[in-house]
Amino acid sequence: MKKLFALAFVALFSLSAMAQQVDLRKKINVSGSAEAEVTPDIIYISISLKEYLKDNNSKKKVEITTLENQLYNAVQTAGISKENLTINNLSGYTIAEKKKNPDFLVSKQYRLKVSDLNKFNEIIGDIDPKGIAYTNIDSYDYSKIETLKKELKIKALQAAKAKATYLVEAIGDKLGSIIDIQELNNESYPQPMYRNVMMMKSESADMAGAPAPEIDFKKIKLNYTMNTVFEIK
């Protein structure tokens, strides 16, 4: 009998505990979103310069120092700090080969940081096009991206609350405190679109005097959604 009473007590206690865990509050689930598009203002570009022979004559070589000086001067003329231009790569093989063979054509890679692609076009336009092996955009970003993310998340949450408020008031109730928040995001960093070919071959004589390539830079798109649960009073 005592065992039966004990089992009944345990069962009753378990049911009571389960009942306490069930959330009987009236709730409303809503979502709010906010988005923005911004133009990148931090752009890293690779530039490769390479020596070349004038009229295929080994005695008329355009030295890498000449091309390098053109690049540095163009960067200064464009009003860009010299700290924004760094040597990206100069392999040991290139150095060793240059010592063994004076006619070896040296190439150098640089990394340039700009905030406006128009500046890049100005710089490229001031360099001997035959000495440009190629250029390429490495990466890009927006300087105030973290601040913008925070603002969008707040706006998305506020939009969710506003939606929940008018829906609840439409049925004569009042909105209570928030119970749950879940964040979703959709960040898009599309690749830049080129109207003209960006890659420039040093051996192409047709590039001489050609205008700088026009670039359509797609914007960075940020979209945040907040899934929320509010209590209904």
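Author: Contact here means heavy atoms within 4.5 Å. The model is predicted, so that local features need pLDDT of at least 70 and side-chain atom pairs count only at pLDDT 80 or more, while totals for chains, interfaces and linings use all residues. Residues are numbered from 1 along each chain as its sequence is written, and side-chain values use heavy atoms, with hydrogens and water left out. Helices (H or I, at least four residues) and strands (E, at least two) are DSSP runs, numbered from the N terminus.

The open sheet consists of four strands in the order S5-S6-S2-S7, with antiparallel pairing; two strands pair if DSSP finds at least two bridges between them. Strands S5 (85–89) and S7 (132–141) form the edges, each pairing on one side only. S5 is joined to S6 (residues 107–114) by four bridges, and asparagine 89 has glutamine 109 as its bridge partner in S6.

Helix H2 (residues 64–77) lies across S2 (42–50), S5 and S6, at about 155 degrees to S2. Axes are lines fitted to C-alpha atoms, for helices over the stretch in contact, and angles run from 0 to 180 degrees between N-to-C directions.

A nonpolar core is a set of buried Ala, Val, Leu, Ile, Met, Phe, Trp, Tyr and Cys residues joined through side-chain atoms within 4.5 Å, where buried means under 20% relative accessible area (1.4 Å probe, protein chains only). The largest such core has 39 residues, and Leu71 and Leu112 are among those with the most contacts inside it. H2 gives the most to this core, with five residues. Leucine 112 touches residues including Ile45, Val75 and Phe120, not counting residues up to four places away in sequence.

Technical notes:
Buried means under 20% relative accessible area, exposed over 50%, partly exposed in between (1.4 Å probe, protein chains only).
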